[in-house]
Amino acid sequence: MSSGVDVLLVRPHHDQGLSLLAGICCEPLELEQLAAVAGAEGCRWAIYDPLVDRRSLRRVLRHTEPKLVAITGYHPMRLVMIDLARRIHNLSPAVVLVAGGVDVALDPEAYTQSDFDVLVHHGGAVTFQVLLAQWRRTGQVAKVPGTLHRPRDGGWIRQAPQAVDSTTLPPPDRSHFLNHRSQFNYLDYGPVALLKSAYGCPYDCRFCCCKLLNDGHYAARPVLAVVAELEGLPAETVWIVDDTFLADMARVNVLAAEIERRGIRKQLIIYARAGEVVRAAASLSRLKQMGIVEIIVGLEAVDPERLAAYKKQCSADDNARCIALLRDAGIRCIGLFMIEPDATVAEFRQLREWIRENRLDVFSMSIFSPFPGTDDFSQYRHRICTDNPRHWDLRHLVMRPTHMGRLAFYWRFYAVSAGILRNRAFVWRVLSRRFNQRRRPHA
Ligand code: SF4
């Protein structure tokens with residue numbers, strides 16, 4: 001890590017214990033994007049990523065002596081972000097503290113009692129670039145559109161957002177990934193790099209906060225820029241973290257042709273919807289040829305009424321067909337399910353049987369948790385029984401179950417989740433990768 005930087009980019013972290021997700025450690029793509037923006041503005045920067053860097057915050061601050069620190073994170077990291085700001089403010093009172101990321105975008109007011117000086121509530125990396133340009137020019141971080149700013153001696157001032165276009169941002173800076181390559185793994189794949197080829201989601205699933213990001217619009221990056229970035233990535237496996245990669249099949253076909261033309265051979269992991277997979281049935285061999293080895297599908301539920309209430313625009317039959325089509329095409333399907341706190345014993349049983357019948361070997365379950373800033377949060381506010389943001393890790397109940405006690409709910413939730421252990425080969429591969437990762441703390 002460089003000494004004497006202008007900008008320090010910090011990933012908040014707390015140990016999440018044992019879970020299937022513990023087999024996932026990804027590069028901080030959001031910070032690497034901010035790093036690219038900082039570099040473009042002529043700033044010296046460093047990333048502090050406690051997931052792969054065991055040094056203390058105090059030591060990092062002493063070493064880097066930053067003038068501005070930016071921290072981004074999701075809702076479960078809210079308290080960690082606020083605590084980091086407090087500690088940085090105590091250790092280095094002159095540092096300008098900037099908060100951004102999904103949680104700040106959805107609920108900026110929650111950070112107004114913290115030590116942050118600026119909250120980026122709109123425009124993400126584009127707004128950060130404008131902020132850095134102004135800061136470099138004038139030394140001021142006030143009045144940047146899409147931010148809330150607090151002068152050290154006054155209250156918060158909100159600046160209205162302006163339209164931004166994230167698709168023209170420079171590609172993320174991968175120096176951090178290169179320095180810690182062996183640490184960044186996804187289940188039984190690794191090293192795995194992340195790539196974002198589009199922003200926002202064109203769908204409207206009721207529970208989802210992703211659809212609110214990027215002003216609620218889907219915007220795809222130019223194909224040539226995406227393929228050039230893919231080609232240059234220092235990893236054989238790439239997880240494309242678009243909300244849904246198959247949203248525009250005409251574009252996917254152009255991407256596939258360009259990847260083929262350049263002779264790029266990488267393993268690709270993507271997210272897609274069951275309905276999209278079913279509609280793309282005739283193109284699945286092409287997707288496989290393009291390098292797609294795994295599709296993560298938000299199946300959510302198997303009960304038709306639940307699917308309709310979620311506005312998923314797909315049926316339980318689509319979900320089953322999606323699994324079968326991907327199996328036949330030799331592409332691994334990972335199914336994501338969501339359990340409602342009002343799930344009945346029969347629903348848990350129905351889900352377990354459905355997973356078995358459809359021979360879904362790899363899946364992950366989460367507990368429905370309405371996120372602050374969404375309509376669902378307002379609707380369920382009166383039922384929320386915790387104010388600890390860490391409980392929004394989708395493994396905790398944030399609302400009381402209605403048809404059984406909490407313990408009984410957790411017991412059934414983990415009993416169904418444990419079905420994945422039947423896939424012993426997969427579990428063994430994940431554990432081996434994790435074990436090897438621990439033995440190799442640095443690339
Ligand atoms: S659940 Fe997926 S498809 Fe639905 S709105 Fe969210 S990101 Fe889009």
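Me: How many residues of domain 1 are in contact with domain 2?
Reply: 19 residues of domain 1 are in contact with 25 residues of domain 2. Contact here means that the C-beta atoms of two residues, placed from the backbone, lie within 7 Å. It's a predicted model, so local features need pLDDT of at least 70 and side-chain atom pairs count only at pLDDT 80 or more, while totals for chains, interfaces and linings use all residues. Residues are numbered from 1 along each chain as its sequence is written.

Me: Which elements supply at least two residues each of the domain 1 side?
Reply: Strand S2 (24-25), helix H3 (78-91) and helix H4 (102-106) do. H4 gives the most, with 3 residues. Helices (H or I, at least four residues) and strands (E, at least two) are DSSP runs, numbered from the N terminus.

Me: And by class, what does that side have?
Reply: The side of domain 1 that touches domain 2 has 12 nonpolar, 4 polar and 3 charged residues. Ala, Val, Leu, Ile, Met, Phe, Trp, Tyr, Cys and Pro count as nonpolar, Asp, Glu, Lys and Arg as charged, and the others, Gly among them, as polar.

Me: Where are the domain bounds?
Reply: Domain 1 is 7-158 and domain 2 is 180-439; such bounds come from an automatic or database domain assignment. The C-alpha centres of the two lie 27 Å apart.

Me: OK, sheets. What's the strand order in the open sheet of 7?
Reply: S3-S1-S4-S5-S6-S7-S8, with mixed pairing. Strand S3 (45-48) and strand S8 (157-158) are the edges, each pairing on one side only. Two strands pair if DSSP finds at least two bridges between them.

Me: How many bridges between S4 and S5?
Reply: 5, in the parallel sense, with S4 at residues 68-72 and S5 at residues 96-100. Val69 stands opposite Leu97 in S5. Helix H5 (residues 124-138) packs on this sheet, touching S4, S5, strand S6 (118-120) and strand S7 (147-149), and its direction makes about 145° with that of S6. For that angle, axes are lines fitted to C-alpha atoms, for helices over the stretch in contact, and angles run from 0 to 180 degrees between N-to-C directions.

Me: Is Glu300 buried or exposed?
Reply: Buried, because it has 24 C-beta neighbours inside 10 Å. The cut-offs are 20 or more other C-beta atoms within 10 Å of a residue's own for buried, 12 or fewer for exposed, and partly exposed in between, with C-beta atoms placed from the backbone.

Me: Where's the cis peptide bond?
Reply: It joins Gly190 and Pro191, with omega about -10°. Pro191 sits in the loop between strand S9 (185-186) and strand S10 (192-195).

Me: What does S16 pair with over 6 bridges?
Reply: S15, in the parallel sense, and also strand S17 (residues 362-367), again parallel.
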